[in-house]
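Subject: Structure handover

Hello,

Here is the structure I said I would pass on. My notes on it follow below the display.

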Amino acid sequence: MSRVKRIFLYLLSANLCYVGFAHLLSPDFFVNIIPPGLPNPEWLNVLSGLAEIVIGVYLLEPRTRIYAAWGAIALAIA
């Protein structure tokens with residue numbers, strides 16, 4: 001892997017982990033942007049925060065990187 005790709009990989013991983021922890025530490029902002037038709041916005045916030053942290057960590061492991069990349073794409077679409 002080239003140096004530039006590795007730098008962007010670490011930046012993406014750090015960003016996902018940071019935002020995931022932000023979901024857990026200051027949930028008010030994230031709960032307010034969840035559409036009102038979805039049930040239990042607090043739990044959806046916690047689940048999406050945990051998913052972002054897990055995906056961010058799994059991006060760093062070469063064996064799970066491709067699955068984490070697809071998870072990051074799915075999370076961005078959702």
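Leu9 is buried, at a relative accessible area of 11%. This residue belongs to helix α1. Please keep in mind throughout that the model is predicted.

Leaving out residues up to four places away in sequence, Leu9 touches Met1, Leu59 and Arg65. The C-alpha atom of Leu9 is also 7.6 Å from that of Leu60, although 51 residues separate the two along the chain.

Leu9 is one of the six residues of the largest nonpolar core; the others are Leu16, Ile55, Leu59, Ala68 and Ala72. Helices α1 (3-25) and α4 (65-77) each contribute at least two residues to this core. As background, nonpolar side chains tend to be buried together in soluble globular proteins.

Leu59, another member of the core, has contacts with Leu9, Leu12, Ser13, Leu16, Arg65, Ala68 and Ala69, again not counting residues up to four places away in sequence.

Ser13 lies in helix α1 as well. Is Ser13 buried or exposed? Ser13 counts as buried because its relative accessibility is 4%, and the cut-off for buried is under 20%. Beyond its neighbours within four places in sequence, Ser13 is in contact with Gly56, Val57, Leu59 and Leu60.

**The chain as a whole**

The chain has four helices and zero strands, so the order of elements from the N terminus reads α-α-α-α, with helices taken as DSSP runs. Along the principal axes, the C-alpha atoms fill a box of roughly 45 × 20 × 15 Å. The chain has 78 residues, and 27% of them count as buried. Among contacts with a separation of 6 or more, 53% are between residues 24 or more positions apart.

**The largest pocket**

If you plan to look at pockets, the largest one holds about 340 Å³ of space. Its lining consists of His23, Phe30, Ile33, Ile34, Pro35, Leu38, Leu44, Asn45, Ser48, Glu52, Leu75 and Ala78. Sorted by class, that lining has eight nonpolar, three polar and one charged residues. Helix α3 (residues 41-58) gives the largest share of the lining, with four residues.

His23, one of the lining residues, sits in helix α1. Its relative accessibility is 8%, so His23 counts as buried. Not counting residues up to four places away in sequence, His23 touches Phe30, Asn45, Ser48, Gly49 and Glu52. Of these, Phe30, Asn45, Ser48 and Glu52 are also listed in the pocket lining.

**The salt bridge**

How many salt bridges does a search of the whole structure find? The search finds one, and it joins the side chains of Glu61 and Arg63, with 2.9 Å from N to O. Glu61 counts as partly exposed, with a relative accessibility of 30%.

**A backbone angle to check**

Asn40 has a phi near 50°, which is positive although the residue is not glycine. As a general point, most residues other than glycine have a negative phi. Asn40 is found in the loop between α2 (27-32) and α3.

Regards

Technical notes
Residues numbered from 1 in each chain as written. Predicted model: local features only at pLDDT ≥ 70, side-chain atom pairs only at ≥ 80, totals over all residues. Heavy atoms only, no water. 1 Å grid on protein atoms, 1.4 Å probe; cavity = no way out; pocket = protein on both sides within 12 Å on 5 of 7 lines; lining within 4 Å. Points joined across faces, edges and corners; volume = space filled by probe spheres on them. Nonpolar A, V, L, I, M, F, W, Y, C, P; charged D, E, K, R; others polar. Core = buried A, V, L, I, M, F, W, Y, C linked by side-chain atoms within 4.5 Å. Buried < 20%, exposed > 50% of the residue type's maximum accessible area, 1.4 Å probe, protein only. Contact = heavy atoms within 4.5 Å. Salt bridge = Lys/Arg side-chain N within 4 Å of Asp/Glu carboxyl O.
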